[in-house]
Amino acid sequence: MAGAKISSERWVLDADLEGQKEEQKCKKRGWRSTLALTYSAIGVVYGDVGTSPLYVFSSTFTENTPSETDVLGAMSIIFWTITLIVVVKYMLIVLLADDNGEGGTFALYSLICRFAGMRPANNGVPDASDVTLSHYSRHSGDKNSKSLSRRISFKLKQYLSSRAGAQASLLCLVLLMTSMVLGDGVLTPAQSILGAIYGLQVKTSVSQGAIVGISCAIVVGLFMVQRFGTGRVGVVFAPIILIYFVCNVIIAVTNITRYKPSVFKALSPHYGYYYFRNNHHLGWVQCSGLFLAITGTEAAYADLGHFSRPAIRISFLAICYPVLILTYLGQTAWLTAFPDQVGSTFYASIPYGDGFYWFVFIFATAAACVASQAMISAAFSIIKQSISLGCFPQLTVQHVSDKVLGSVYIPEVNYVMMVLTVVVIAIFKTTVQLGNAYGVAVSSMMFGTTVLMYMVMLMIWETNFFLATAFLIGFGFIDMVFTTANLNKVPHGGWFALAIAGVVFGLSYLWWWGTNTKHKGIVATQVKMQDLLKTDRTYSSKKYDAMSPDDDDDAAEPLTGPSAFSAPPAVEDHDGVISPMVVDNFAAKGPGPAAAANGLAPVEQLLLASTGQPLLRIPAVGLMFADTLYGAPTLLPELVNRWGAVHKILIIITIRQVAVSTVTESERLLFRKLHYPGIYRCVARYGYSDRVRMDTKFVIKLLDKVVEVDPSTAPIVEQANTVNTSYIVSFIKLFAKRPGTGMRGAARRFFLEYVYANMGRFARKSWEDWCIPHGSLFEIGVALDV
């Protein structure tokens with residue numbers, strides 16, 4: 001491994017750690033692992049799209065009894081929609097745009113930000129300490145290249161990195177898309193479970209109220225088992241989906257042979273043309289019902305981090321895709337004979353008497369529960385990524401799998417979705433009415449994915465411009481047909497999904513804006529270390545040994561990471577950044593002539609820069625958390641000016657969320673001894689799928705680093721140990737600067753001091769999930785004018 005360099009413009013560069021990239025993926029490799037993940041993916045990923053036959057035809061033909069031509073045309077549209085959107089767009093193209101195994105909207109956003117040279121959810125470029133991570137490879141583009149694709153890639157990257165408006169628009173698009181996932185995450189369980197329980201009315205006289213009550217009870221049970229994790233849930237759900245699929249194949253083959261063996265002709269696209277030619281505006285409106293055949297596809301991409309690309313592809317192409325097409329063909333054959341029963345297509349078409357009917361009903365109901373799992377899992381993954389990138393208030397994130405980093409459970413999201421789903425069922429009551437609310441958000445999100453993929457193809461993959469544009473025009477046109485058709489549902493129930501998405505988007509944007517404003521305020525008011533502290537060096541009677549590594553100041557200074565290298569000592573210059581320079585004459589040349597002649601050893605004392613008063617050193621280890629990489633932490637001036645004391649070993653720690661899915665343990669820490677006795681700076685880097693842990697093991701690693709860069713501290717470290725470690729954190733209260741005139745100033749003050757502040761009160765503090773011992777935690781409040 002090549003050694004890292006020290007930059008005079010940035011704090012430090014990381015060590016070159018290429019080669020670590022495959023460590024995260026090794027657990028998903030091998031045919032055994034792939035088959036196991038494929039099996040689980042059937043239960044978790046494809047429950048939604050697999051149970052669409054429960055309600056597609058009944059949600060499409062709500063205003064008229066379809067003719068045979070209409071049914072065949074609808075079947076043709078369903079077939080080509082699944083083939084083009086699910087197979088070609090998502091399985092073959094979109095799944096390639098993973099962020100080191102992670103999928104979903106934030107994975108696309110993270111990729112674009114890295115290649116455009118901008119920091120996710122923030123303005124400006126990524127720090128130099130980001131770009132050399134093994135999971136952070138990127139291109140630079142070439143404006144002078146003869147290749148049109150490379151020139152376009154360079155210009156697009158340059159445009160995004162230099163235009164704040166473009167960055168804000170990109171962020172808004174991403175936040176809006178993720179908000180829509182949560183909207184459909186509420187509607188999916190309601191639609192699927194209601195569609196299954198509706199089968200009771202076909203064979204019994206059960207009331208509509210009883211169906212609503214049973215559906216609500218099942219929804220509550222489904223959300224209550226989420227805490228066990230995707231892996232355990234998937235193992236249980238997979239056989240249910242497989243049995244349900246087998247039942248669908250039996251029903252389809254029976255109906256095709258009984259009623260219309262020639263139904264396979266509906267796969268020809270010209271029947272789709274006849275459908276639109278005969279129905280005109282009504283055919284376009286009915287596309288909103290046909291679109292329900294592919295709901296859940298976006299969740300399959302978002303769930304990529306729970307499984308793997310081969311597992312998701314195999315489970316769909318080998319099992320789900322052929323079963324779905326055969327199921328719809330069977331329903332089409334049955335509808336050509338009984339078009340007046342289109343409202344109960346799935347259950348009315350079940351052959352072989354009551355025994356088989358109730359068997360199918362049980363597994364269809366169980367499969368409907370499974371159908372909800374993909375959207376629920378996707379909601380957890382997206383909220384976790386959003387929190388990590390600073391776009392959502394901190395919530396409790398529980399990692400429910402040691403093998404799959406992306407498998408998480410968020411109790412607050414789970415229970416809010418559960419309550420909203422119950423409310424949706426109680427309001428809409430039937431699948432026909434609920435179908436009016438379903439699909440608006442997810443169709444819009446699919447169009448957003450097409451736009452982001454177009455940017456990825458041009459800027460990152462450097463795809464031929466005309467091929468990339470054909471992708472945008474072709475799939476963008478299909479997405480817009482379905483999106484505009486779904487917009488007709490807004491007055492009849494589609495408003496509900498949009499309202500949920502709007503609320504989530506508003507909260508996300510306000511949180512990002514407030515957090516970004518706070519960060520800018522911290523940087524603007526930050527004190528430079530040299531303006532706060534200074535060092536007084538004297539000489540004791542201890543013999544000085546010029547060759548002793550314990551007393552060699554140069555040996556204690558280099559940045560230490562996974563690889564060792566030599567570097568000149570680094571201190572904070574007058575710009576507040578770390579740069580290589582000679583610390584003082586002693587570090588460069590040794591002690592002065594008189595001190596050397598007398599064999600004296602150096603003794604450093606920490607002084608307050610403003611008064612020259614010596615600071616009391618507390619015989620313990622202090623971990624002080626900072627929001628920035630440069631200058632003094634927000635709390636350090638308070639500590640030294642008011643208390644006149646500082647820990648004998650003080651480690652300033654910055655938690656860095658970098659734009660990769662995970663950072664390996666060997667890459668985790670960057671560590672440096674500052675030019676102040678007993679004070680060190682550390683950066684702990686985490687990807688958006690990593691869990692931050694500040695437990696005893698982490699402290700031991702830090703103290704090992706202290707001894708590594710400063711061997712003279714070994715006795716102090718042994719005496720301090722982890723029991724005497726203090727964790728010092730700050731919570732910042734924002735105040736808008738006075739005077740704030742006009743409506744703009746009043747609105748800014750209102751959102752900062754009331755809305756954002758109250759969101760912060762209800763949000764979970766980030767350090768509450770860091771496994772910090774409660775008896776060692778010190779929380780100090782800081783008022784900040786921004």
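Predicted model: local features only at pLDDT ≥ 70, side-chain atom pairs only at ≥ 80, totals over all residues.
The protein has 786 residues, and 58% of them count as buried. Its secondary structure consists of 29 helices and 12 strands. Among the contacts with a sequence separation of 6 or more, 82% join residues 24 or more positions apart. The accessible surface amounts to about 30,700 Å², and carbon and sulfur atoms supply 61% of that area.

Helix α8, spanning residues 164-197, packs against helix α20, spanning residues 440-459, at an angle of about 145°. The two axes lie 9 Å apart, and the crossing of α8 past α20 is left-handed. On the α8 side, the residues that meet α20 are Leu170, Leu173, Val174, Met177, Met180, Val181 and Asp184. Their partners in α20 are Ala441, Val442, Ser444, Met445, Gly448, Thr449, Val451, Leu452 and Met455. Sorted by class, this contact holds 12 nonpolar, three polar and one charged residues.

Attention now turns to charged pairs. Side chains of opposite charge can pair when their charged atoms come close. The model contains three salt bridges.

One of these joins Glu68 to Lys260, with 2.9 Å between the closest N and O atoms. Glu68 belongs to helix α4 (residues 68-93), whereas Lys260 sits in the loop between α11 (230-259) and α12 (269-279), so this pair ties together parts of the chain that are 192 residues apart in sequence. Glu68 is partly exposed because its relative accessible area is 37%, and Lys260 counts as buried because its relative accessibility is 13%, under the 20% limit.

Asp479 lies in helix α21 (residues 465-487), so the bridge from Lys89 in α4 ties together parts 390 residues apart in sequence. Both Lys89 and Asp479 are buried.

Arg309 and Asp98 form another salt bridge, and here the closest N and O atoms are 2.5 Å apart. Once again distant parts of the chain are linked: Arg309 is in helix α15 (residues 309-337), Asp98 is in the loop between α4 and α5 (105-116), and 211 residues separate them. With a relative accessible area of 24%, Arg309 is partly exposed. Asp98, at 16% relative accessibility, falls under the 20% limit and therefore counts as buried.

Finally, a look at Pro614 takes us to the strands. Pro614 is located in the loop that runs between β6 (601-608) and β7 (616-626). Its relative accessible area is 42%, so Pro614 is classed as partly exposed, the range between 20% and 50%. Leaving aside residues up to four places away in sequence, Pro614 touches Gln605, Leu606 and Leu607, which fall within the span of β6. Pro614 can also be placed relative to Thr535: the two residues are 79 positions apart in sequence, and their C-alpha atoms are 9.3 Å apart in space.

Note on methods:
Residues numbered from 1 in each chain as written. Heavy atoms only, no water. Helix = DSSP H or I, 4+ residues; strand = E, 2+ residues; numbered from the N terminus. Buried < 20%, exposed > 50% of the residue type's maximum accessible area, 1.4 Å probe, protein only. Contact = heavy atoms within 4.5 Å. Areas by Shrake-Rupley, 256 points an atom, 1.4 Å probe, with all protein chains shown as cover. Axes fitted to C-alpha atoms, helices over the stretch in contact; angles between N-to-C directions. Left-handed = near helix turned anticlockwise from the far one by under 90°. Nonpolar A, V, L, I, M, F, W, Y, C, P; charged D, E, K, R; others polar. Salt bridge = Lys/Arg side-chain N within 4 Å of Asp/Glu carboxyl O.
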